Amino acid sequence: MPLIGLHVSIAGGFAKAIERGEAYGCEAIQVFTKNQLQWKAPPITPSQGIAFLRALRESGIRKVVSHASYLINLAGEGVQRDKSGEALVDEIERCDQLGIGELVLHPGAHLGQGQRKGLENLREGLRDALGRTANLRVRILLETMAGQGTALGARLETLREILDGLDWNDRLGLCLDTCHLFAAGYELREECSYERLTENLEKNFGLQRIGCWHLNDSKSARGSFRDRHQHLGDGQLGLSFFSALLSDNRWEEVPLILETPKSGTGDAGNMALLRKLRGH
Ligand SMILES: [Zn+2]
Ligand SMILES: [Zn+2]
């Protein structure tokens with residue numbers, strides 16, 4: 001059975017994130033391990049790590065994934081890229097300190113120097129970060145993107161190319177965001193959409209590479225390349241894709257994380273809908 005849950009805040013301490021997730025009946029949660037809009041963060045103390053792990057063990061939450069800072073862009077150039085490399089190593093170490101096994105990362109944007117150069121920078125940045133944390137087991141999950149501006153990773157073929165360039169390092173995987181896939185042009189509304197996509201994933205990556213899903217409906221049209229998340233069922237996707245995903249037992253213990261707006265039906269409404277679609 002896949003694990004359903006939410007992205008939750010760590011405001012007030014890491015253990016607070018567990019409390020927030022529990023309040024909504026989450027089986028999995030996603031967190032930032034630091035302020036996602038700042039480069040620097042105070043180090044995690046051993047007692048903070050222990051408190052987090054204790055709260056997790058005593059909760060009904062079975063898995064935690066982390067989302068890396070939005071500032072990180074390994075595909076860029078110069079000082080920003082150097083800072084991004086350092087920040088990624090820091091993110092991996094912070095995950096390890098909190099016992100978090102998976103870190104979701106945006107592939108980044110080439111910022112006008114072209115896709116080829118951007119991908120080359122990204123590949124070398126990932127190689128460096130994986131090498132510098134070779135003693136750790138934290139897996140990096142590259143997220144599928146909507147393709148806004150010069151963002152890389154809107155096509156699964158591109159992500160495959162990145163993994164290929166890193167010899168399918170076993171610490172690399174994918175995070176699939178349904179809003180991003182749809183905005184990037186993937187058809188998710190037809191009866192056979194779910195089967196078609198999972199066949200593609202199985203053939204080109206192997207399902208064990210998919211470490212996380214982000215469940216979001218899309219305000220924007222298919223192929224619009226616009227990243228605008230919406231409540232499940234209130235956007236252009238409809239519910240059949242989510243329903244098929246939730247009842248597929250091949251996603252055993254894989255987190256399905258909501259990143260839907262906080263307004264309107266909110267987290268409680270979207271969680272209730274997921275439970276209804278799953279049947280419990
Ligand atoms: Zn993301
Ligand atoms: Zn996402």
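This report walks through the barrel, the helix packing and a few loop residues of a predicted model.

## Ground rules

The model is predicted, so local features need pLDDT of at least 70 and side-chain atom pairs count only at pLDDT 80 or more, while totals for chains, interfaces and linings use all residues. Residues are numbered from 1 along each chain as its sequence is written, and chains are lettered from A and ligands numbered from 1 in the order in which they are written.

Helices (H or I, at least four residues) and strands (E, at least two) are DSSP runs, numbered from the N terminus.

## The barrel

The strands form a closed barrel of 8, in the order S1-S2-S3-S4-S5-S6-S7-S10. Their pairing is parallel. Two strands pair if DSSP finds at least two bridges between them. From one strand to the next, the twist averages 30°.

Take S1 (residues 3-7) and S2 first. They pair in the parallel sense over 3 bridges. His7 stands opposite Gln30 in S2. Further along, S4 (residues 102-105) runs parallel to S5, and 4 bridges join them. Leu105 stands opposite Leu142 in S5. Strand S5 (residues 139-143) also pairs with S6, again in the parallel sense, over 4 bridges. There the bridge partner of Leu142 is Leu174.

## Strands covered on both faces

In a regular strand the side chains alternate between the two faces of the sheet. Burial is counted from C-beta atoms placed from the backbone: a residue is buried if 20 or more others lie within 10 Å of its own, exposed if 12 or fewer, and partly exposed in between.

How many residues of S6 (residues 172-177) are buried? The count is 6 of 6, and the strand is mostly covered. Leu172, Leu174 and Leu176 sit on one side. Gly173, Cys175 and Asp177 sit on the other. S2 (residues 28-31) has buried residues pointing both ways too. Ala28 and Gln30 point one way, Ile29 and Val31 the other.

## How the helices pack

Axes are lines fitted to C-alpha atoms, for helices over the stretch in contact, and angles run from 0 to 180 degrees between N-to-C directions. Angles under 35 degrees count as roughly parallel, over 145 as roughly antiparallel, 65 to 115 as roughly perpendicular and the rest as oblique. A crossing is left-handed if the near helix is turned anticlockwise from the far one by less than a right angle, and right-handed if clockwise. Residues are in contact if their C-beta atoms, placed from the backbone, lie within 7 Å. Ala, Val, Leu, Ile, Met, Phe, Trp, Tyr, Cys and Pro count as nonpolar, Asp, Glu, Lys and Arg as charged, and the others, Gly among them, as polar.

H1 (residues 14-23) and H2 (residues 46-57) pack at about 15°, with axes 8 Å apart. The two are therefore roughly parallel. H1 passes H2 in a right-handed crossing. Phe14, Ala15 and Ile18 of H1 meet Gln48, Ala51, Phe52, Ala55 and Leu56 of H2. This contact holds 7 nonpolar residues, 1 polar and no charged.

## Helix H4 and its partners

The axes of H3 (residues 78-97) and H4 (residues 115-132) come within 10 Å and cross at roughly 40°. That makes H3 oblique to H4. The crossing is right-handed. From H3 come Arg81, Ser84, Gly85, Leu88, Val89 and Ile92; from H4 come Asn121, Gly125, Asp128, Ala129 and Arg132. By class, there are 4 nonpolar, 4 polar and 3 charged residues.

H4 also packs on H5, at about 45° with axes 10 Å apart. H4 is thus oblique to H5. H4 passes H5 in a right-handed crossing. Leu119, Leu122 and Arg123 of H4 touch Glu161, Ile162 and Gly165 of H5. The tally is 3 nonpolar, 1 polar and 2 charged.

## Loop residues

Most residues other than glycine have a negative phi. Trp168 has a positive phi of about 55°. Trp168 lies in the loop between H5 (156-165) and S6. Is Trp168 buried or exposed? Trp168 is exposed, with 12 other C-beta atoms within 10 Å. Phe225 also has a positive phi, near 60°. Its loop runs between S8 (217-218) and S9 (229-230). Phe225 counts as partly exposed, with 17 C-beta neighbours inside 10 Å.

Glu190 lies in the loop between H6 (178-183) and H7 (193-204). Glu190 is exposed, with 12 C-beta neighbours inside 10 Å. Glu190 and Ile100 are 90 residues apart in sequence and 35 Å apart in space, C-alpha to C-alpha.

Note on methods. Two residues are in contact if their C-beta atoms, placed from the backbone, lie within 7 Å.
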